Amino acid sequence: MNRASHIGILALAVFAAAAFAAGPAFAIPPAASPAWAARHFKNTCSSCHGADGAHPIPLPGNPPPILAGQYEDYLVQALNEYRDGQRKNVIMAPQAKALTEAQVKALAAYISSLPGPLHTLPRPDFGH
Ligand code: HEC
């Protein structure tokens, strides 16, 4: 092995060490597991929607809705509408845009499983 190839190997080793230290070139979003969803709801969403999703804070002018027990597919739809801008809301848009598709699904499943006061109203009697 000559001097030039020694330098080449050394340069490669330094480069590999630097790349390793810098970590992956792109940020990998956290896995959207049920445990992640529960943690994310507690750490982020609960500050407005309540720890149980059923007792939101009375935000003047734009009260956050009750989420607990809402239909899962409705929650996915709502979050995706904030993500793609069909629903415009200065508070919820950044919350939803920070989520991946898989995280939206995991959060919707978690929130929907929370016992909530929402229920389907009995059909009204139209009298005919
Ligand atoms: C800073 C307060 C705040 C935080 C934090 C927050 N929300 Fe909201 N959320 C709101 C408000 C206010 C609305 C009503 C927005 C509107 O009028 O469209 C809302 C609406 C929603 C809706 C629509 C419900 C419906 O019935 O249509 C969903 C779903 C939702 N939030 C989920 C979440 C999730 C999941 C998180 C956490 C990732 C979160 N929110 C974090 C304040 C917040």
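Mentor: The model is predicted, so local features need pLDDT of at least 70 and side-chain atom pairs pLDDT 80 or more, whereas totals for chains, interfaces and linings use all residues. Residues are numbered from 1 along each chain as its sequence is written, and side-chain values use heavy atoms, without hydrogens and water.

Trainee: Which residues around the ligand come nearest?

Mentor: Of the 20 residues around the ligand (a heavy atom within 4 Å), the nearest are Cys45, Cys48, His49, Tyr74 and Met92.

Trainee: Why is helix 2 called roughly perpendicular to helix 5?

Mentor: Two packed helices are described by the angle between their axes and the distance between the axes. Helix 2 (residues 34-49) and helix 5 (residues 101-113) pack at about 80 degrees, with axes 9 Å apart. Angles under 35 degrees count as roughly parallel, over 145 as roughly antiparallel, 65 to 115 as roughly perpendicular and the rest as oblique; helix 2 is therefore roughly perpendicular to helix 5. In contact (heavy atoms within 4.5 Å) are Trp36, Ala37, Ala38, His40 and Phe41 of helix 2 with Gln103, Ala106, Leu107, Tyr110 and Ile111 of helix 5. By class, eight of these residues are nonpolar, two are polar and none is charged.

Trainee: How do you know whether asparagine 80 is buried or exposed?

Mentor: Buried means under 20% relative accessible area, exposed over 50%, and partly exposed in between (1.4 Å probe, protein chains only). Asparagine 80 has 18% relative accessibility and therefore counts as buried. Asparagine 80 lies in helix 3 (residues 72-84) and, leaving aside neighbours within four places in sequence, is in contact with Glu101 and Val104.

Trainee: Why is proline 115 assigned to its class of accessibility?

Mentor: Its relative accessible area is 72%, which is over 50%, so proline 115 is exposed. Proline 115 is placed in the segment after helix 5.

Conventions: Axes fitted to C-alpha atoms, helices over the stretch in contact; angles between N-to-C directions. Helix = DSSP H or I, 4+ residues; strand = E, 2+ residues; numbered from the N terminus. Nonpolar A, V, L, I, M, F, W, Y, C, P; charged D, E, K, R; others polar.
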